[in-house]
Amino acid sequence: MTPASTTPGVAAPPETTTLRGKDLLGIADLSPAEISLVLDTAEAMKEIASRPIKKVPALRGKTVVNLFFEPSTRTRTSFEIAEKRLSADTLNLAIASSSVAKGETLADTALTLEAMRPDMIVLRHSSSGAGHLLSRICRSAIINAGDGMHEHPTQALLDAFTIRERKGRIAGLKVAIVGDLLHSRVLRSNLHLLTKLGAEAWICGPPTLIPPDVARFGVRATSRVEEAVDGADVIMLLRIQLERMQGAYFPSLREYFNVFGMTRARVRLAKPDAIVMHPGPMNRGVEIASEVADGPDSVILEQVANGVAVRMAVLYLLAGGAEHEEAA
Amino acid sequence: MKRLLKGGRVVDPAAGIDGQLDVLIDDDRIAAVGRGLPVDGAVVVELRPDFVVCPGLIDMHVHLREPGQEHKETIATGTAAAVAGGFTAVACMPNTDPINDNANVTAYIVSKAREAGQARVYPIGAVSRGSRGELLADIAELRQAGCVALSDDGRPVATALLMRRALEYAAMFGMPVIDHCEDPSLKGDGVAHEGFQASTLGLRGIPGAAEAIMVERDVQLAELTGAAFHVAHMSARSSLRAVAKGKDAGIRVTCEVAPHHFTLTDEALAAPVPYDTNVKMNPPLRESVDRDAMVAGLADGTVDAIATDHAPHHYDEKQVEFDNAPFGITGLETAVSLTFDRLVHGGVITLRRMIELLSVNPARILSVPGGTLAVGAPADVTILAPDLRVRVAAAAMRSRSKNTPFDGWELRGGVAATIVGGRMLFANEAAGLAAATA
């Protein structure tokens, strides 16, 4: 893959006009050309949001089920808006884990939905690999909206879209990811994506929160935040979950902020035009200082806006893209 | 009734025999081993010259699930699986429901095994009441009812003090204590080996040190007490080092390795089927350096036994999220083929060593009959077909559960026949042995 294909406005190679897989379970399964195809398609989708009538008929007659086993506001809302802008029929199922504990297995829930012949299932689940289980037993296309600590592919795609929009490229950029790396599905998707597209990825956090053998991803790991952000083009922060202190991963939130928190002084070590990203929801004063979150380098709300366009692109491409539209 | 096993290669490591010999069985005992034995009215079983006649194989670590979990396995189906896998005897772990921590449960298992009339069953009793790690189980009673060893398998013996007492007390009956070595705090809620694969797949990890730390503890306690400690299903290279060190110091420590731990690595988590719950077991599949260490330990004698940790689970229980699936896979019907294919044909161990690992040593560790073809010994005999082409077919297995990651594998080497107490309970038609000879 040449770096040129990740430049905005340059179309992906002509042979890559669809995604190979039936599902989107992770960035691990995508080729660089497929990633570029999603990003290019998202550019066209983004334009729709600026129209007075924000709706196109691309997914008319398609049924999409948003099956969420974990509480989620932004991801579920983002998918739902994306689906509605593409004219899909959508159904939201938020299943509290307590009702699952009462009896029905994930497989049975999925097969029950399958019997009603949806076209796609957007799945959020607390167990890594839950999407793979569904993929094996369902005919519908499965879109992983976050599975345990494994992947959150549409988040990485919207991050890449945002970086590409701001920086014009991804290859060769230094991207520093700071936070709870061990438990983060956003991290794993981003590592696959950034290394596939040729970025220089650095990850930073306390050693207790760095996944074992992560260097084999082809990334640099450090616990010195100054080293991670030094000369960075992009600083990406990951949420610190408040309950991690119980696992003795670090002593206190105050100490975490002192050692790793992204302050304005630390941002100054990055390139002057560096951008600051966060997948949300943020813990202000823990992984990120409010002055940075609300500051001029922050692109956090752009990420949210781009999320809708990227999810529209994924839905559109998995539905068959232009081929489906012609058939309809 | 007399039966003459004619024309095969007899390998009996205990007697130092390896040659083209005949074996005469009279009723339930070995009557003679020699060249060209006279037929003398015996039923003759003609064997190909490459077939191996050896002491019956003993699987010293299985879960038969009865009483209490008969939807996974029963003593009848589990022992039928055993003979189909070449095992004339199995030792079953006490984590049934109720736990085998008293003579009533042991007696129930013994009577069910007799009723089934397949492989011999040697129950292993619980170390502690309810395997809760607090009070010792009634060990003398368990012994009297037929238990051959003690274990709280499924969980470790909870404290160093309890392990010490168990070792001391069990030594009075010559029973080894078999420990599922795992530091619970390091294991945490881990589901896979802590390493690159778990990191990539987002699975919570269990480091090799979780196992090795408790192996180290128990080796120390075996030294302190002078009693026999056996490591169940060893998987980590650091555990192997601890065992080797203990053995060098003359401490009474032995260990077993399961076929999946000398065959597979944690790469099986990612491919061919990502998050396949049939590669979820405890201890987990580890990385290649650990797997290679297990292979080296099998070759150099540090490892004493191959045991399957046969852990049947109903498919409903495995058709769930990886996190929620129970640990364990079946093993009785694939162990011989994997041992042949990976170790013997792989040039790692000799046939003689294979029989030591699967028969002689388990008999010695558990102090049970078998492991020999000596005249007068029980006629527990396994006939192996070293070059048989085997295609593993989970659906055709005799075990009630089919949770094996080896379905569809093509392996070289298998079982031709299994004889328990003089009765030919399994004859493999694929190896040219007619079931009619039974």
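Predicted model: local features only at pLDDT ≥ 70, side-chain atom pairs only at ≥ 80, totals over all residues.
## Two domains in chain B

Chain B splits into domain 1 (2-53 + 378-437) and domain 2 (56-366), with bounds that come from an automatic or database domain assignment. The C-alpha centres of the two domains of chain B sit 26 Å apart. Their contact draws on 39 residues from domain 1 and 49 residues from domain 2, where contact means heavy atoms within 4.5 Å.

Residues are numbered from 1 along each chain as its sequence is written, chains are lettered from A and ligands numbered from 1 in the order in which they are written, and side-chain values use heavy atoms, with hydrogens and water left out.

Chain B has a mean pLDDT of 97, and 99% of its residues reach 70 or more; pLDDT is the predictor's confidence in each residue, from 0 to 100. For the complex, the predictor gives an ipTM of 0.91 and a pTM of 0.94.

## Helix α2 of chain B

Helices here are DSSP runs of H or I with at least four residues, strands are E runs of at least two, and both are numbered from the N terminus. Helix α2 of chain B covers residues 103-116, and at 1.5 Å a residue its 14 residues should span 20 Å, which agrees with end C-alpha atoms 20 Å apart. That expected span is 1.5 Å times one less than the number of residues.

On the inside, B:A103, B:V105, B:T106, B:I109 and B:A113 are buried, meaning under 20% relative accessible area, with exposed over 50% and partly exposed in between (1.4 Å probe, protein chains only). Looking down the axis of α2(B), these buried residues fall within an arc of 165 degrees, so they line one face of the helix; the arc is taken from the directions from the helix axis to the C-beta atoms. Their cover includes α1 (75-84), β9 (87-92), β10 (120-125) and α3 (139-145) of chain B. Turned away from that buried side are the exposed residues B:N104, B:R114 and B:E115.

As for what follows the helix, α2(B) gives way to B:G117, with a positive phi near 65 degrees.

## A glycine in a loop

B:G422 is in the loop between β19 (410-420) and β20 (423-427) of chain B. B:G422 is buried, at a relative accessible area of 10%. Leaving out residues up to four places away in sequence, B:G422 touches B:R3, B:I25, B:D27, B:D28 and B:A379.
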